[in-house]
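The sequence and structure are shown first, followed by the findings grouped by topic.

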Amino acid sequence: MKYAITCLLAAGLLAPAQTPQARIKIDTDRTIGQVHPHVFGNFAEHLGRCIYGGLYEPGSPLADERGYRKDVMKAMQDMRVTLLRWPGGNFVSGYNWKDGIGPRGRRPVRPEGAWGSLEPNTFGTDEFLDYCERAKVEPYICINAGLGTVEDARQWVEYTNEARDTEWARQRRLNGRDKPYSVKIWGLGNEIDGPWQLGHKNAEDYTKFALEAAKAMRRVDPSIKLIASGSSNFGRGADWIAWNRAVLDKLRDEIDYISLHTYIGNRENNFENFLAASADIDERIEIVEGQIAAARSGRPNARPIYIAYDEWNVWYRAHGNTEHEIGATRLEEIYNYEDALAMGMFFNSFIRHADSVKMANLAQIVNVIAPIFTNKEGLFLQPIYFPIAEYAKQRDLMALDLFVQSPSYTPAGKRELPYLDTSATYDAKTKTVYLNVLNRSEKLDITARIESAEGMPAASADVWEMNHADLKATHTFGGDTKVRPVTRTVTLKSEGGHPVYTFPRHSLTILRLKL
Ligand code: AHR
């Protein structure tokens with residue numbers, strides 16, 4: 001067990017307000033792993049208004065000379081995004097990257113097969129990689145393992161990474177870029193296990209394709225890191241575990257990561273059940289960790305393989321529509337306060353598994369199921385923006401294995417869960433612990449005694465808190481200050497030689513404690 005959680009009986013909740021009902025024990029020797037910066041990655045797909053009208057809007061007074069929306073880039077940087085996955089998503093399984101290079105006036109406009117829009121191809125490989133350089137984020141390109149070919153994938157790496165005078169490197173130079181882009185992270189397809197995917201394959205066909213693609217791509221650049229298309233299809237009748245087993249079994253000598261995708265939603269309008277999704281996220285990670293261990297067992301020089309949670313978010317309200325124009329609206333979720341709390345739940349799970357989850361990409365960056373929402377005049381920040389930006393301050397820190405006792409509940413169809421969903425990181429340089437606590441009880445404030453193996457933490461702590469009386473509160477243009485975090489410094493009360501802190505009902509708190 002990586003971290004221990006013992007659930008107190010619900011009867012314990014009847015204790016007087018200041019009596020600690022929960023215990024959180026911190027021990028900085030009990031480390032899990034470094035929180036990799038790529039856990040704060042993001043995703044930009046050619047879908048709806050994510051690229052066209054989101055990242056890229058040539059001619060807009062808000063765009064720079066290359067057509068990149070400056071306000072969007074700034075909001076992305078302020079959210080501390082480290083990495084950007086592109087060009088899809090489902091889109092990539094019908095995408096020909098060669099349509100998106102060269103003089104823009106000669107690039108073809110094509111009907112797009114995944115979402116039913118028109119793709120103008122005015123934003124392509126050079127624009128994406130240039131954008132990443134300007135925004136100072138690591139690029140991650142996902143190849144077309146649906147309708148595409150091994151040779152397309154190989155040539156794509158040649159176009160971006162080849163330094164010598166080869167056909168595709170020359171093409172890149174003709175298009176204005178001499179120096180190779182040296183793209184390090186490549187995905188071997190998107191959601192190939194899903195019947196909705198163009199070029200969907202069974203595990204045998206996928207692994208044959210991916211193995212050959214990996215070989216060919218590495219012959220061009222042996223330094224690239226590869227992500228296998230792991231499970232995304234958790235629907236009834238789909239054997240997601242068998243898919244991963246086959247992928248790991250066949251690709252274990254070639255891949256550096258296996259992907260997982262998860263979207264959640266509060267379809268039954270039940271707050272506590274909605275925030276019980278951590279049980280599924282933890283379970284999926286832990287099953288894949290076991291599968292990775294099995295694939296590597298008995299092989300002393302086995303390649304390390306990590307988990308790339310390369311699509312995750314809340315998504316259940318907004319879907320496609322029947323418009324077929326460039327930049328038609330699609331998947332434009334308007335997020336509310338309870339969705340913001342779900343961000344903390346996802347990050348807590350990633351941090352609790354910091355030794356295996358080395359990448360996580362929120363889907364997506366702007367307009368399409370996104371924290372940033374634009375129109376022609378500007379943008380607003382959705383409530384989910386703020387926890388993402390705050391957790392990202394914990395990049396590179398050491399995740400700690402907490403011991404937690406908390407009042408509990410049993411959500412429908414799930415095992416008993418603690419109301420306090422937690423994670424922690426440690427900054428050894430400043431001797432600071434970041435304690436991340438989601439109180440997912442709708443009704444109960446929970447007081448916790450904070451114990452530390454290093455002795456009493458400093459009496460004062462910095463608090464970052466998101467809380468709102470209306471779980472459904474949303475933002476809009478000109479009105480995005482309603483659901484915002486507050487920060488304060490508090491003097492912690494002490495009880496029996498330990499500080500105590502009360503985590504308000506339905507809130508997300510990050511406590512910064514000095515040891
Ligand atoms: O992010 C939206 C879509 O969700 C992506 O295109 C696909 O990979 C997933 O099903």
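A pocket is here an open set of points, on a 1 Å grid over the protein atoms alone, with protein on both sides within 12 Å along at least five of seven lines; its lining residues have an atom within 4 Å of a point. The model is predicted.

**The largest pocket**

- The volume of the largest pocket is about 780 Å³.
- Its lining comprises 37 residues, and those nearest the centre of the pocket are T262, Y263, I264, G265 and R267.
- Two or more lining residues are given by each of the elements β11 (257-264), α7 (271-274) and α8 (278-296).
- Strand β11 provides the largest share of this lining, with four residues.
- By class, the lining of the largest pocket consists of 15 nonpolar, 14 polar and eight charged residues.

**The shell around the ligand**

- The ligand is surrounded by 13 residues, of which E45, N90, E191, Y263 and E311 are the closest.
- This shell divides into six nonpolar, four polar and three charged residues.

- E191 has an N or O atom in its side chain at 2.7 Å from an oxygen atom of the ligand.
- For E311, a polar side-chain atom lies 2.7 Å from an oxygen atom of the ligand.
- For N190, an N or O atom of the side chain is 3.0 Å from an oxygen atom of the ligand.

- Rolling a probe the size of a water molecule over the atoms shows where empty space is left.
- Four cavities of 30 Å³ or more are found when the whole structure is searched.
- The largest cavity has a volume of about 80 Å³.
- It is lined by 13 residues, with H46, L47, G48, S117 and L118 closest to its centre.
- The lining of the largest cavity contains six nonpolar, four polar and three charged residues.

Technical notes: Residues numbered from 1 in each chain as written. Predicted model: local features only at pLDDT ≥ 70, side-chain atom pairs only at ≥ 80, totals over all residues. Heavy atoms only, no water. Near = heavy atom within 4 Å. Polar contact = N/O pair within 3.5 Å; in protein donor to acceptor, adjacent residues only side chain to side chain. Nonpolar A, V, L, I, M, F, W, Y, C, P; charged D, E, K, R; others polar. 1 Å grid on protein atoms, 1.4 Å probe; cavity = no way out; pocket = protein on both sides within 12 Å on 5 of 7 lines; lining within 4 Å. Points joined across faces, edges and corners; volume = space filled by probe spheres on them.
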